[in-house]
Amino acid sequence: MTLSTSELQRYARHLNLPEVGLAGQEKIKQAKVLCIGAGGLGSPAITYLTAAGIGELGIIDNDVVETSNLQRQTIHNHAAIGQAKVLSAARWVKANNPNVNITTYQQRLTADNALNIIPYYDIIIDGTDNFSSRYLINDACFFAGKPNIQASIYRFEGQLSVFAASDGPCYRCLFPEIPSADAMPSCAEGGVLGVLPGLLGVMQATEALKLIVGCGEPLINRMLTVNTLNMAFKTLITRKNPLCNLCGDNPTITILEEIMQNCENTLSEHNIDVATLRTSLANNPKLNIIDVREPFELLETGQIGEAINIPLNTLPESLDKINKDEYYIVYCRSGGRSGRAVEFLRAEGYHCKNLSGGMIAWSA
Ligand SMILES: [Zn+2]
């Protein structure tokens, strides 16, 4: 594989580094990296991997851009509110480096699809924000034999390590059991300093480039902790646990399974608030909206946008009115019936969110 004249110009500062050079840049061009999550961590990771000239970049995310994302998810902009994150991210990648081949997966990583997607890539970047995904990615990377560059963030602090490499521990070696759902609040509840995922995501991209080029010492058998309040960076030694249920001497986990945490956090991911919907509608007046109230209720209050009316009890036989490739907001009077509708539609493979508080909140 050779680099074109324009690529030689673009990557000149890499070519000047003896640790990278032409051979290293060619490795970067051949590399396939999967970013799981195009949010706070994914934004900077995707940004710098794109700039570095990664040959193939995969991005998986089933979410849409919301107003509250923009404080830290810098790959998305105001005009993208209401759009799929993978499409917004892909647009950024294409505009910034036409040499990068991008594949988007507008879906959630699950036990059913993880081993169809992950093995294709050389390196996995975990930019997710919940424990279910973190354990799933760890296990899938172990089964597929792919290094998992994992970062997590909380308020002002973060941590980073490379798991499931052949010569290091997996995430379960350090944290054998998934914590209870309420042990760690999500970003939405706990809050996060906007630049924190920026720092950690850039370091995930750094580790990826080091692994690809083969320079330096990757964060295998080590975990970096970052505290932005006192700017303390510490490196902890980690090691493989021979008793690990996944990668130890007598594993009990032999097939990929997802540990679902039944908690408010995961449910709230499927909600959208009135302010975000208002901005989404301003950007896209044709936004797909489903009103699951009964027809007589519409007469009193009118509808939001150009909503289509599918009363909740007729939803199962009305699926031909909905497109699996598109994104929908679902509402009712107060959010209860539409919550059930969203649960049903998501289980059927549709992309949708529930308007919190329904028509009452909208009218208010
Ligand atoms: Zn392990």
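Is M231 buried or exposed? M231 is exposed, because it has 7 other C-beta atoms within 10 Å. On this scale a residue is buried if 20 or more other C-beta atoms lie within 10 Å of its own, exposed if 12 or fewer, and partly exposed in between, with C-beta atoms placed from the backbone.

Before going further, a word on the model and its numbering. This is a predicted model, in which local features need pLDDT of at least 70 and side-chain atom pairs count only at pLDDT 80 or more, while totals for chains, interfaces and linings use all residues. Residues are numbered from 1 along each chain as its sequence is written.

**The chain as a whole**

The chain holds 15 helices and 13 strands; these are DSSP runs (H or I of at least four residues for helices, E of at least two for strands), numbered from the N terminus. Its C-alpha atoms fill a box of roughly 70 × 50 × 40 Å along the principal axes. The radius of gyration is 22 Å, which agrees with the value near 21 Å that a compact globule of 364 residues would have. That radius is taken over C-alpha atoms, and the globule rule is 2.2 Å times the number of residues to the power 0.38. Of the 364 residues, 42% count as buried. Among contacts with a separation of 6 or more, 66% join residues 24 or more positions apart; a contact here means that two C-beta atoms, placed from the backbone, lie within 7 Å.

**Helix α4 and its two partners**

Helix α4 covers residues 42-52 and packs against helix α5, residues 85-96. It also packs with α10, which spans 195-213. Here are the two pairs side by side:

| Pair | Axis separation | Angle |
|---|---|---|
| α4 and α5 | 10 Å | about 25° |
| α4 and α10 | within 7 Å | roughly 40° |

The axes are lines fitted to C-alpha atoms, for helices over the stretch in contact, and the angles run from 0 to 180 degrees between N-to-C directions. Angles under 35 degrees count as roughly parallel, over 145 as roughly antiparallel, 65 to 115 as roughly perpendicular and the rest as oblique. So α4 and α5 are roughly parallel to each other.

α4 passes α5 in a right-handed crossing, a label given when the near helix is turned clockwise from the far one by less than a right angle (left-handed if anticlockwise). I46, T50 and A51 of α4 meet A89, V93 and N96 of α5. This contact has four nonpolar, two polar and no charged residues. In these classes Ala, Val, Leu, Ile, Met, Phe, Trp, Tyr, Cys and Pro are nonpolar, Asp, Glu, Lys and Arg are charged, and the others, Gly among them, are polar.

For the second pair, the axes of α4 and α10 cross at roughly 40°, which makes α4 oblique to α10. The crossing of α4 past α10 is right-handed. On the α4 side the contact includes G42, P44 and Y48, and on the α10 side it includes G198, V202 and L209. By class, nine nonpolar, five polar and no charged residues take part.

**Loop residues worth a look**

N221 is not a glycine either, yet has a positive phi of about 65°. It lies in the loop between α10 and β7 (222-227), and is partly exposed because it has 17 other C-beta atoms within 10 Å.

Finally, Y120 belongs to the loop between α6 (114-117) and β4 (123-126). With 13 other C-beta atoms within 10 Å, Y120 is partly exposed.
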